[in-house]
Amino acid sequence: MHTCKYIRGASYDQLTRSNLANMASFSPLFLSFFVSILLCLEARTLPISSLVSRDLFDAIFLHKDDNACPAKNFYTYDSFINATRRFPQFGNTGSLTIRKREIAAFLAQISHETTGGWATAPDGPFAWGLCFKEEVSPQSDYCDSTNKQWPCYPGKSYKGRGPMQLSWNYNYGQAGQALGFDGLKNPEIVANNSLTSFKTALWFWMTEQKPKPSCHNVMVGKYRPTEADIAANRTSGYGLVTNIINGGLECGIPNHGGVTDRIGYFQRYATLFNVDTGPNLNCENQKPF
């Protein structure tokens with residue numbers, strides 16, 4: 001039985017104010033249940049900074065501030081922690097293992113999106129996340145002129161920017177509306193403001209855009225596949241997160257290098273967080289959305 005789901009209306013203080021002196025009269029089974037409740041509540045109240053310390057952040061992103069990285073000194077620990085406060089469910093849903101795994105998965109995906117690593121890089125290819133803050137030599141301005149709800153502003157490029165490499169006018173428009181900036185007229189802010197940059201990455205992670213589920217719901221076990229998802233073999237796990245982010249270019253393809261890189265980052269970070277990765281890391285057998 002999963003104890004945590006039965007205590008949503010309770011608080012840690014409410015339960016710990018009980019007269020513990022009287023608990024000696026209760027059965028061992030009750031005491032075990034009570035301790036489980038307290039552990040669930042304690043895990044639920046831990047801030048992100050207790051799970052991702054500054055030292056751990058620096059160990060994850062060993063080379064982000066190297067001179068070789070164009071994003072040197074841009075992606076700060078403080079900006080990341082402050083950005084998570086805008087999304088209180090991030091890294092704060094489920095057991096401690098699930099919380100850590102979600103954070104590791106998010107950091108792994110943004111590392112791939114901004115990687116400066118290569119096969120023989122110092123400390124390995126998976127120590128070079130957050131090296132870039134905007135797309136280099138974009139192939140287009142990422143303007144979908146058929147989207148009338150989020151029309152492109154003349155002269156603006158909606159190329160990849162920020163930790164998640166936010167792209168396309170409709171994503172900039174929606175992110176800006178949700179976070180309080182004009183993403184259509186001022187997309188450059190995603191590469192110029194560290195806090196806003198991290199917020200856009202978390203917005204993308206947390207937001208469902210049908211028919212895609214949110215990355216968050218996938219990683220915390222709240223994804224419920226539709227008939228179309230089942231037919232497309234879109235099974236829950238890190239591979240499905242990759243499908244959500246860039247499945248059209250990477251999924252359904254055996255041994256895709258991008259997918260392999262995303263998995264490599266996740267495996268390294270899961271080890272640093274002392275959690276397993278969970279199943280279904282790959283999306284090579286999934287159809288894109």
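**Entry 1: confidence**

Over residues 5-24 the pLDDT stays under 50. For that stretch I found 24 contacts beyond four places in sequence. Residues 34-43 also have a pLDDT below 50. There the model has 22 contacts beyond near neighbours in sequence. I noted a caution: where pLDDT is low, the predicted coordinates should not be read in detail.

Then I looked up the chain as a whole. Its average pLDDT is 90. I also noted that 84% of the residues score at least 70.

**Entry 2: helix α5**

Next I turned to α5, which spans residues 77-84. How many of its residues are buried? I counted 6 of 8, and I wrote α5 down as mostly covered. Buried are Tyr77, Ser79, Phe80, Ile81, Ala83 and Thr84.

What do these buried residues pack against? My list has four helices: α3 (48-51), α4 (54-60), α6 (96-113) and α9.

**Entry 3: α5 against α9**

Two packed helices are described by the angle between their axes and the distance between the axes. Helix α9 covers residues 194-206. Its axis lies 8 Å from that of α5, and the two helices pack at about 50°. That angle makes α5 oblique to α9. I recorded the crossing of α5 and α9 as right-handed.

Which residues make the contact? From α5 I noted Ser79, Phe80, Asn82, Ala83 and Thr84. From α9 come Ser194, Leu195, Phe198, Lys199 and Leu202. I sorted the contact of α5 with α9 by class: 5 nonpolar, 4 polar and 1 charged.

**Entry 4: α6 against α12**

I then followed α6, one of the helices that the buried residues of α5 pack against. Another of its partners is α12, residues 238-250. Here the angle is about 20°, and the axes are 10 Å apart. Angles under 35 degrees count as roughly parallel. So α6 and α12 are roughly parallel to each other. The crossing of α6 and α12 is right-handed.

I looked up where they meet. On the α6 side are Ala105, Ala108, Gln109, His112 and Glu113. On the α12 side are Tyr238, Val241, Thr242, Ile245 and Glu250. By class I got 5 nonpolar, 3 polar and 2 charged residues for the contact of α6 with α12.

Note on methods. Residues are numbered from 1 along each chain as its sequence is written. This is a predicted model: local features need pLDDT of at least 70, side-chain atom pairs count only at pLDDT 80 or more; totals for chains, interfaces and linings use all residues. Side-chain values use heavy atoms; hydrogens and water are left out. Axes are lines fitted to C-alpha atoms, for helices over the stretch in contact, and angles run from 0 to 180 degrees between N-to-C directions. Angles under 35 degrees count as roughly parallel, over 145 as roughly antiparallel, 65 to 115 as roughly perpendicular and the rest as oblique. A crossing is left-handed if the near helix is turned anticlockwise from the far one by less than a right angle, and right-handed if clockwise. Contact means heavy atoms within 4.5 Å. Ala, Val, Leu, Ile, Met, Phe, Trp, Tyr, Cys and Pro count as nonpolar, Asp, Glu, Lys and Arg as charged, and the others, Gly among them, as polar. Buried means under 20% relative accessible area, exposed over 50%, partly exposed in between (1.4 Å probe, protein chains only). pLDDT is the predictor's confidence in each residue, from 0 to 100.
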